[in-house]
Amino acid sequence: MMRTYLILLGLLSLCGLCFSSECNAEFQENEDFPGTDIQHLYSPDAEHCQHLCTQHPSCQFFTFIRSDWTRDNRHFYCYLKSTPSGVPNKRAPLLGVTSGFSLKPCNPVPQPCLSKVYQNVDFFGADYQTLFTADYESCQRACTQDPSCQFFTFVNDVFTSDYMRYKCHLKFSWTIPRPPLVEGKASVVSGFSHKTQMGLNFDTACQGKLFQNTAIPGNSLQALPASSAEHCRMLCSAHPSCTFFAFTRESFTCNLKSNVNEMVTVAKAGVTSGLPERFCQLDNSWIKEALEDVDFQGSDIGFEYMDDAKTCQRKCSEDANCQFYAYASERVSNPDYWRRCYFKRVITMPAPPKVVKLANVVSGFTLKNCRRALHTYSCLNQIKITV
C-alpha cells in the first residue's frame, strides 16, 4: 500500500503547478487584450495559439483572430503578448477574437497532441513532398509516418483546379531547439540541456564524415545559427530538403544547401562541410560540451546567480523548460552580469508559416505526438495496475 502511495505521489508531482491558482486554461471569447504585442504568428485556432504562447519564452497571454473576423483580412493571426505585471493592461469586447493565457504555470507537455483537422483552411508553404492520396485521413497518416512531416494540406475531389485534386502536401517545421543567435563573446559559456532531444532514436550508429576547410558554394536552402559543425550536421539531417551543409566557425553560421544533382566542393579555410545522416543514430555527444567564449543570445526565460558554468548546465538540464543556457563569468566586462545563468527556450511545436482560407482543402498536423501521449498514458496505467 505504501509503495502504491509513493508512486501515485510521484505521478502527481509530474503535474507540478497544474493545481496552482495561477494556471488559467480558459478562453475568453470575443474579448481582446489590446496592445503589448511581442510577436505575431499564424495559428489555425485559439488552442494552437495558446500552445505557441506557452512555448514562447516571454509570452504571458495572447489574442487570436478567428476565421469569422470581418474588420479586415487578418485571419488566423496569433498575437503573443507580455506585460511587466504578467496580466493584460486592458480588456475590451471585440467580435471575432479569442484571448487567453499561457499554460506555463500548468506544467504542460513539451510537445502537445494536435489532433484537429481544419476544413477549408490551407497551411500555406513549407512543402517538401507531394503525393496523391484518396482522402485527408490517408494524407494525415502519410504525414504521421514520415519522420520529417509536421503538418499537411490535402486538396479534395471538388477543388477548382482538377489537376490538383487528391494532392497531399507534406510540410516541415523545426521541432528541435535552435538558439536564435550564436556569437563569440569572451568569458561567456553556453551549451544545451543534457536532456535536449535532437531527432529520432535509431539502433544503428551513423558513420558521419566531415570535410575540414572545405566549402560548397551556392545551392542555399537556409542559413541558421549553429555552435559547431556537428550541430550543423544535426540541423541538416533534420531538414528533409537538405542534401549537404557548410559550417563557418567565425560567424557560427550553418548553411543548409539543397541540390540532388551535384555537389561541388572548394578549399576554404575555416569552413567545415558535410552530408546529412538519415535513419541512423547521430553522435550527440557534442550536446553535452560546454562552449567557452560562445554566447547563445536571446530567448531568455529567466536567470539565476550561480558559482560556475557547470552548475548552470546542471540546473538547465534539471529544469524541464530549459533547452539551452548561457553563463557569464566574473571576467565579463560589466559586473552587473557576473555569475548570471540564463535559462533559454524556443518554440518547438509544429507551426505553419502561414494559415489562410481556401475552399475545398483540409489541413492538419502529424499525430506522432498523440501516439507518444497515448503511450505515456498507457505506461502510467500499467504502473498503477501492476503495483
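A salt bridge is here a side-chain nitrogen of Lys or Arg within 4 Å of a carboxyl oxygen of Asp or Glu, and by this rule the count comes to eleven salt bridges.

## Basis of the model

This is a predicted model, in which local features need pLDDT of at least 70 and side-chain atom pairs count only at pLDDT 80 or more, while totals for chains, interfaces and linings use all residues. Residues are numbered from 1 along each chain as its sequence is written, and side-chain values use heavy atoms, with hydrogens and water left out.

## Domains

The protein chain is assigned domain 1 (27-101), domain 2 (117-173 + 350-377), domain 3 (178-198 + 285-347) and domain 4 (207-283), with bounds that come from an automatic or database domain assignment. Between domain 1 and domain 2 the C-alpha centres lie 25 Å apart.

## The interface of domain 1 and domain 2

Nine residues of domain 1 are in contact with twelve residues of domain 2, contact meaning heavy atoms within 4.5 Å. The area buried between domain 1 and domain 2 is about 810 Å², and carbon and sulfur atoms give 70% of that area; buried area is the accessible area (1.4 Å probe) that two parts lose on being put together, summed over both. Of the area that domain 1 buries against domain 2, Tyr42, Pro44 and Phe76 supply 64%, more than any other three residues.

Three residue pairs are in polar contact between domain 1 and domain 2, both residues at pLDDT 80 or more; a polar contact is a pair of N or O atoms within 3.5 Å, where within protein one must be able to donate a hydrogen and the other to accept it, and residues adjacent in sequence count only if both atoms are side-chain atoms. Across this interface of domain 1 and domain 2 the rule finds zero salt bridges.

The structure holds eleven disulfides, a disulfide being a pair of cysteine sulfur atoms within 2.5 Å. One of them joins Cys23 and Cys106, whose sulfur atoms are 1.9 Å apart, and this link of Cys23 and Cys106 is right-handed, with 105° about the S-S bond.

Among the salt bridges is the pair of Arg66 and Glu29, in which the closest N and O atoms are 3.2 Å apart.
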